[in-house]
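Have a look at the model first, then we'll go through it.

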Amino acid sequence: MKKAKIATSIMIIAAFVVFGSIVFADMPGPDPDALWNYITKVSPYKKWSFWPDHQGMQPGRAPHGPLHKVYVNDRALNSVRPPVQYGSIAVKENYDKAKELKAITVMYKVNGFNPKDGDWFWAKYTLDGKAGPFGKPQGCIGCHGTRAKNDFITVHEFK
Ligand code: HEC
C-alpha cells in the first residue's frame with residue numbers, strides 16, 4: 001500500500017515535470033540564433049498581434065528607422081501591467097522612408113537573464129538573421145531604461 005502511494009506520487013510529479021517542459025519547451029534560451037529561429041520558424045512573429053494602442057505601421061525615432069511595426073506575442077499582449085510575463089517578446093520591424101524593411105530589433109523577457117535591467121534579452125538583426133549587438137547592450141538598455149517603470153517598453157502604455 002505504502003509503496004503504491006509512493007509510486008503514485010512519483011508518477012504525479014513526473015507528469016508535472018513533463019507537462020511543464022512541454023509548455024516551456026518551445027521557448028528559446030537567451031541566444032540570438034535560437035531566438036531568430038523561434039520568431040521566424042517556431043512561432044512566426046508576423047502572425048502575432050499589435051498592441052491595441054500601437055497598430056500597424058507607425059512613425060518612429062532615431063536610432064530606429066523613421067517607420068516601424070511592433071509585433072508582440074500573446075504573453076506580452078496578455079500582460080496587464082508591468083513587468084510583463086516571462087517569455088514575452090516584442091519584435092520591431094524598422095523601415096526607411098520608402099517603407100523598405102531595413103532591420104529587426106527584438107526584446108525578449110528571459111527569467112534570470114539580467115535581473116537588474118528587467119531581464120530583457122536585446123537583439124538587433126539584419127534581414128537574414130545576423131545578430132549584433134545582442135545580449136545586454138548598454139545602448140539599448142540605457143535608452144529604454146528611461147522607461148524602466150513601463151518595463152522598458154516604449155510604444156505601449158500600461159495603465
Ligand atoms: C536612443 C534611444 C534608443 C536606443 C539606443 C534603442 N532604442 Fe529601441 N526604442 C526606442 C524608441 C523611442 C522606441 C519607440 C519606437 C520608435 O520610435 O521607433 C523603441 C522601440 C523598440 C522596440 C519595440 C518595443 C517597445 O515598445 O519598446 C524594440 C523591440 C526595441 N526598441 C529594441 C531595441 C534594441 C534591441 C536596441 C539596441 C540594439 C534599442 N532598441 C536601442 C529608443 C531606443
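How many of the six residues of strand 5 (residues 120–125) are buried?

## Ground rules

This is a predicted model, so to speak of local features we need pLDDT of at least 70, and side-chain atom pairs count only at pLDDT 80 or more, while totals for chains, interfaces and linings use all residues. Numbering starts from 1 along each chain as its sequence is written.

## Strand 5: the covered one

Six of the six: strand 5 is mostly covered. Here "buried" means 20 or more other C-beta atoms within 10 Å of the residue's own, with 12 or fewer counting as exposed and anything in between as partly exposed; C-beta atoms are placed from the backbone. Strands are DSSP runs of E with at least two residues, helices are H or I runs of at least four, and both are numbered from the N terminus.

Trp120, Trp122 and Lys124 point one way, Phe121, Ala123 and Tyr125 the other, and all are buried.

## Its neighbours

Strands pair if DSSP finds at least two bridges between them. Strand 4 (residues 101–109) pairs with strand 5 in the antiparallel sense over six bridges, and Lys109 has Trp120 as its bridge partner.

Strand 6 (residues 131–135) also runs antiparallel to strand 5, joined by three bridges. Tyr125 stands opposite Ala131 there. The two strands form a hairpin with five residues between them, and Gly129 in the turn has a positive phi of about 90°.

## Out at Lys149

Lys149 sits in the segment after helix 4 (138–144). Lys149 is exposed because it has 8 other C-beta atoms within 10 Å. Its C-alpha is 9.8 Å from that of Gly118, 31 residues apart along the chain.
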